[in-house]
Amino acid sequence: MSKAYNFDWQIEVPTRLLKGDYFDRWDEENGSLEQNCLFRVDSYGFYIYWQSEGRDGQVIELSQVSDIRPGKAPTDPKIGADLMSNSLVYGRGNIDERTVTICSGIDFVQISHTNITGADPTTAKAWIEGLRKITHNHKANNICPTTILRKHWMKLSFMLNVNKKIPVRSISKTFASGRTEKRIFEILKELGLPSGKNDEIDPVDFTFEKFCDLYHKICPRTDIAALFDQLSGGKDYITTKQFVDWLNETQRDPRLNEILFPFFDTKSALRIIDRYELRANYRDRGHLSCDGLTRYLMSDENAPVFLDRLEVYHDMDQPLCHYLINSSHNTYLQGRQFGGRSSVEMYRQVLLAGCRCIELDCWDGKNDTEPIITHGKAMCSDINFKEVIHAIRDTAFVTSDYPVILSFENHCSKSQQFKLAKYCEEILGDYLLTKPLDTHPLEPGVPLPSPNLLKRKILLKNKRLKLEVEKKQLDLFLRGLDTEVYNDNDMDSAANVEGEDGPVVFADNIKLRDDDDEAHPELNVDINDDVNRRTILGQLGIKFKASSALSREEEEAIMSGYQYKGATTNIHPLLSSRVNYTQPIKFPGFSKAEERNIHYHMSSFSENVALQHLKQNSIEFVNYNKRQLSRIYPKGGRVDSSNYMPQIFWNAGCQMVSLNFQTPDLPMQLNLGKFEYNGNCGYLLKPDFMRRPDRTFDPYAESPVDGVIAAFCSVRVISGQFLSDKKIGTYVEVDMYGLPADTIRKEYRTRIIPANGLNPRYDEGVFEFRKIVLPDLAILRMAVYEETGKLIGQRVLPLDGLQAGYRHISLRTEGNFPLSLPTIFCEINLKSYVPDGFTEFVDQLNKPLLTKKSDESSNLLISNSLDPKLTLSASAVRRNRMLTDTSSAPTSSSDTKSIATSGASCSSINTITTSDGSNSASSLSVKCKTPSEIIIPITLEYLREQKSFLKLQHKQDKESIIMKKKHAKEQNLLGEQQSKILNKAKNDSE
């Protein structure tokens, strides 16, 4: 598009952080202490960097920083004593008040904690507030390749040795995967820099311009040079007209609205040339050099996605059920479902990553003291519920202001449930939504409130008592009559819970296992107990081994005997009264749910049960999700915490597709990549046809949806840059995920380029996704692998925000964190899908063409293509001018392709020269069925030359003359009649 978007990704860094402060850095794990380190942040907000006397410089990349929090004093007495002794020199205040903890990592589990202790509490507070302001800048994860190079240059400039110089080894390591050290040293020498293996470079001499020169000499962009030659026709520059044509035909998606996304014109092209062309003489003439084109292709203006999609751009005033919600399963676990470690830190990391629905499995603590969170009876460690609520309060609204849902799996006694409710009220305070909004009462037919109405609110998802039961028990509780309230042996408790009483009747002809209908399965025996464990394994015929960890054989055996136990139906009235818009019930069936029309009721489904519903009642499932919430969770057999593919449930409009965030597998990569859009706020508005009750949508549809135009997408992988720091072979895979009809995976991959991890050139054929039925739900994934199959980096790009043309795509880790340098250069083609046999018809609609068979004209054009000095006839010159004018007009990308015909011969017309020596048509390619066939655009001037037109015009002129004579004759006759009547009337009156 020619409308420039101001991609303001930078957040102003506070002055104090730019100037820096002295801190003592310490680490209890290895017992290290580094004193008097000058900590600073660069002006772009890329790095926290520091250096102390006698040590090398170090950095922490801010894109990998997840949290900044007040620290605690070290438990190691030696480190504590050293810190206190140093505080005698300049410190004021205790260590806790002066300490800052910086949490960083490239996944949600392996988190590094950097502890720094400052001179006084004021310094610590200033750094905590300042760093929090500039972290979670997800826009900075989408910077262009030029800025990425600057970022790496800055890193080299910060990681100085003890002499405050840049080691040549650090620079050579950057390029070692594609060139020999000897060649790198030679180029450094050419640039006038120290080039010995053990030499050092003064940071003042190693400017960004020098680094760019080094980059282009070691990694010449031959791929862009080839594109430039194609556009310029072998010249040293591209003209403004050529640039405009290329921008409109290749770099613009023809499906875009011409008003919202206007075509490029001369003015917008000159603006780009002025910005990226450094040669003044070229700029003055409106020309673009190869270097200028390279700078443009590596700029923010040529991003692979619409950068405004990185902000909140969806309508956030729709009901809550109209959004996909970023959701987590068993949030507390850091590893496997059996024997895994639970961690409070996981709640922090998941919320900071943008997740808006987290799970808390609540159980009674030992000796009925404090409620805990754990994977019950599955040999997992436990964590304190109260600590988790504190963590949620601190991190719930750091990344996003939109509502957070706490999905309680409540196995607690009533006395412990009271503590759950009290801790939520006391710790969360005003964040907790304790009662429904006045505008959205809990009544049948009333829609759910919108994310905007629930901003900075936390909702509880827990079973709720029937209203009359809740009111009665709450009144007794408030009056201190606790006997009935705390009765945990109520055999008929299910009858008191809304949506739990009576057998569930499925009117939708789906027969489900009872255990599959439970929201969360748990073992009904304690396998932490060796006696129980020995008994279970003995019954299964497996020898018992005394060990803290289950073997794979034991896990599989126990899973085969896994019995299910749902959450308690003995609900404390205080906890029940705090549940409003997310009330879980047993699924009553689609027909019954529609009949009830209660929007605040929701149900949870295991992936297997949800899949059954989708297969048998797909349209009903979509309609259910238009009205109320549904939550999908992994089946119990995923003991390794692997994830199911979320796409199929997104296709049905399921809002809370819960995944194991601790496992960065393919499903998790799709989830993180998809929710990166819309400001990473955790909510994505579903397409119109998945929200409106008057629209019908089948997620298994293979034909285009009413009102939605199917799309065509093709990808050509051209090259890679800085893919690895090792000399290894690499290849690229390109997959598409969406509706079942749209999903294509493991089909498209490039050839392996051996022994070059620096700048492999693939130049692969085009990978085509011919018919994408539902582009709004489709996701393109590109992944780079080592020749051994190990993933180097990947990128997930939702199709509704993808840009067409030649684009650099920066890669991410498995956990969707940005890799520092790796990118791939691709050509992406996007347009509307055209069924087989209609291509020529659509092309003629886009640019009306006339096929004229004329041996004379064809021979004339062919002879001129062979001899450019020949002078054409006036008619031919006029037609060629028409061709030139048409080629400069904005056209769709499909117009750049020649019309292919079977058994056709092709005439190539490179240049047609007129009598005045000017080029009337340049680089025009015409494909024809026979040598006597020429394609000429239909214009008004051309039609006026036709004999049939002249004949009709002559006939019209003749008829016009006859009509004028007839009209004059009748006018005279009428005048005579009127005169006679007037004379007669005059005579009669006399």
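# Cysteines, a strand pair and aromatic contacts

The sulfur of cysteine 424 lies 8.0 Å from the closest cysteine sulfur, that of cysteine 362, which is too far for a bond, given that a disulfide is a pair of cysteine sulfur atoms within 2.5 Å. This is a predicted model, in which local features need pLDDT of at least 70 and side-chain atom pairs count only at pLDDT 80 or more, while totals for chains, interfaces and linings use all residues. Residues are numbered from 1 along each chain as its sequence is written, and side-chain values use heavy atoms, with hydrogens and water left out.

Cysteine 424 is buried, with a relative accessible area of 0%, where buried means under 20% relative accessible area, exposed over 50%, and partly exposed in between (1.4 Å probe, protein chains only). Cysteine 37 is likewise buried, with a relative accessible area of 0%. The structure as a whole holds zero disulfides.

Strand β5 covers residues 65–70 and is mostly covered, five of its six residues being buried; strands here (E, at least two residues) and helices (H or I, at least four) are DSSP runs, numbered from the N terminus.

Turning to the aromatic side chains, the structure holds 40 aromatic pairs. Rings of Phe, Tyr and Trp (its six-membered ring) pair if their centres lie within 6.5 Å, and planes under 30 degrees apart count as stacked, over 60 as edge-to-face and the rest as tilted. The rings of phenylalanine 605 and phenylalanine 621 have their centres 5.5 Å apart and their planes at 65°, so this pair is edge-to-face. Because phenylalanine 605 lies in strand β17 (residues 601–606) and phenylalanine 621 in helix α23 (residues 607–627), the pair ties together parts that are 16 residues apart in sequence. Both phenylalanine 605 and phenylalanine 621 are buried.

The rings of tyrosine 748 and phenylalanine 769, with centres 5.2 Å apart and planes at 80°, are also edge-to-face. This pair links distant parts of the chain, with tyrosine 748 in strand β23 (residues 744–749) and phenylalanine 769 in strand β24 (residues 767–772), 21 residues apart.

Ring pairs also link Phe243, Trp246, Tyr276, Tyr296, Tyr806 and Phe825 into a cluster. Arginine 221 lies over the face of phenylalanine 825, at 5.4 Å from the ring centre, where a charge sits over a ring if NZ of Lys or CZ of Arg is within 6 Å of the ring centre and within 35 degrees of the ring normal.
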